[in-house]
Amino acid sequence: MAKPFYRLQRFLRRTQLLFLFLGAAYIMAGSVLLLQRSGLAVPLSPRGAPSFQPLPSLPTLAKSTVLKPASLGDVYGPHGTHKMLGRTDQTQNNLDPSSRRNGPRWLMSRNLEIRHLRRRWFHSLMTEQEPRAERGPPKRKVLHKGTYIGCFLDDSKERALKGTVFYDFRKMTSTLCQDTCSESGYQFAGLEYGAECYCGNRITSPSTREEDCNLDCKGEKGSACGGVERLSIYKVEDQHPGMKKYRNVRYRGCHRRPKNTTAAFPVHCVPPNGTSQSCIEVCTDQEFPLAVFRRPDCFCGYASPHFTLHHPAEDTRCERNPNSTNTTTPTDPDYYAVYQTPVQDTRCMERKFLPEKTTKLVALSSFPGAGNTWVRHLIELATGYYTGSYYFDGTLYNKGFKGEKDYWKSGRTICVKTHESGKREIEMYDSAILLIRNPYRSLMAEFNRKCAGHLGYASEQHWKSKEWPEFVGSYASWWASHVLDWLKFGRRVLVVHYEELKRSLFPQLHLITDFLDMSVTDERLLCVESNQDGNFKRSGARQRAFDPFTDEMKRMIDGYIKAVDEALKLKNFTGLPQEYVPR
């Protein structure tokens, strides 16, 4: 028995150097691979909050902890130190054990930069497994609706189709694009890059070789979806009989006639039947977002400094029934009825990454559910540059937020979304836009998102289960501590109230763009007003019929509101709006 052991010992002694060499080579190869992948993706953590979906059972907090109203003294100690209101690392671990396991366990690290590097490498490795688009003309096996016109040139500065634009980097199909364009009253639908949809009533660029439209739709393999600066254009099907045409027309109110109608409105006509509907059809066909009507005149154009739509008058000054053929209807000749046509105002839709990398990091910080995605949409339209994110949300990326996939420290985005708080996380940024929303609305919005996604609503079962009071008990204190941390540790902070932004979008956008050191024209901001809703606005059709907040919850939340209001005033900011406290 001793002889085999002796031979094994000699073999191991001789191969020590070989094992050492192989180990060093393995480590070097891994390092090279990490460096090659370092610029392709971003961290994969979902949000800055304890994340769970579906909702797990949160730990039940003691009544004395949950229901005790907060005061400024409870938040800041006698020496000015911040007392965490519910979002310490320990609390976060207790709230959601899964929040520490966002991906494979080997992605975890105490070193923040190493953790980001590993996540970027892992994400790029996963995306490389997706099949690449064919270079040549693909074989088309999918039967689609509408009539395929052909492949056309498209330039970002001079679009072939100048109507509505939308994106879906995961589920785009030719049918989806055609249906969207048809509902908006357009005749043509064009697809580009496999995920971008453009609508229009006329094609303004020449055709090109069919081989150039060599990309499949992201959600429909085998269907032509354009190429690089190439559009696959379809003639959409006519709407079925009985289907309401131009269902997306919106009345914008009664407005005073501009001093110079020629400068304000590029198109003027007199419809043959003299109705508002015929005026809307003319302006839609001419691809203008506004139809301005006063019998018998019809004007088409855009919101502009000559005609801002900021000061509507009483509707009685305009025709009460503009579709009526009764010419004796009393109207004020100086006031016009204004309608938003289905045509999208595309003057502010082009976006890109910063041409030169910036060394200054600007945070767009908010509590979850405060409208961060909506404000990102506004900032991107106003500045023309993508916003980044500390996280990676595939749903947002698929809908056109291309900065979502960019590394948050890349310096290629105008600002970076974050829900983080705490001294170390805040001091990573040079300045911050702090977005604050009514905690009652924020809590409901975040609970809806966790239960049903960005655009869904929580079910009655969720609201009436124990998950809701536990969620409020854990997250209400975080709403307060998030604001207080940014006020205390932020170097340069602009406070924006969600409610004020909704009421006065134009002046608030001026404040935000000035804070970002961006020079923006009034025409572009008026375009943002026309497109302010974006693709991530919940419909009001499923508003709750009962108040989910109990009296005990209200006492607790009102205490946090008071603490935040006092802290804002101590920092010489405007206090919280009075509507935050229910009356």
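To count, ring centres of Phe, Tyr or Trp (its six-membered ring) must lie within 6.5 Å, with planes under 30 degrees apart called stacked, over 60 edge-to-face and the rest tilted. This is a predicted model, where local features need pLDDT of at least 70 and side-chain atom pairs count only at pLDDT 80 or more, while totals for chains, interfaces and linings use all residues. Residues are numbered from 1 along each chain as its sequence is written, and side-chain values use heavy atoms, leaving out hydrogens and water.

**Aromatic rings**
- Take Tyr 429 and Trp 486: their ring centres are 6.1 Å apart and their planes sit at 45 degrees, so this pair is tilted.
- Tyr 429 is in the loop between α12 (423-426) and β16 (431-436) and Trp 486 is in helix α15 (residues 467-489), so the pair ties together parts 57 residues apart in sequence.
- Both Tyr 429 and Trp 486 are buried, meaning under 20% relative accessible area with a 1.4 Å probe, protein chains only.
- One aromatic cluster has members including Phe 367, Trp 468, Tyr 475 and Phe 549.

**Helix α15**
- Helices here are DSSP runs (H or I, at least four residues), and strands are too (E, at least two), numbered from the N terminus.
- At Gly 473, α15 bends by about 25 degrees, the angle between axes fitted to the seven residues ending there and the seven starting there.
- Of the 23 residues of α15, 21 are buried, so the helix is largely enclosed by the rest of the structure.

Conventions
Buried means under 20% relative accessible area, exposed over 50%, partly exposed in between (1.4 Å probe, protein chains only).
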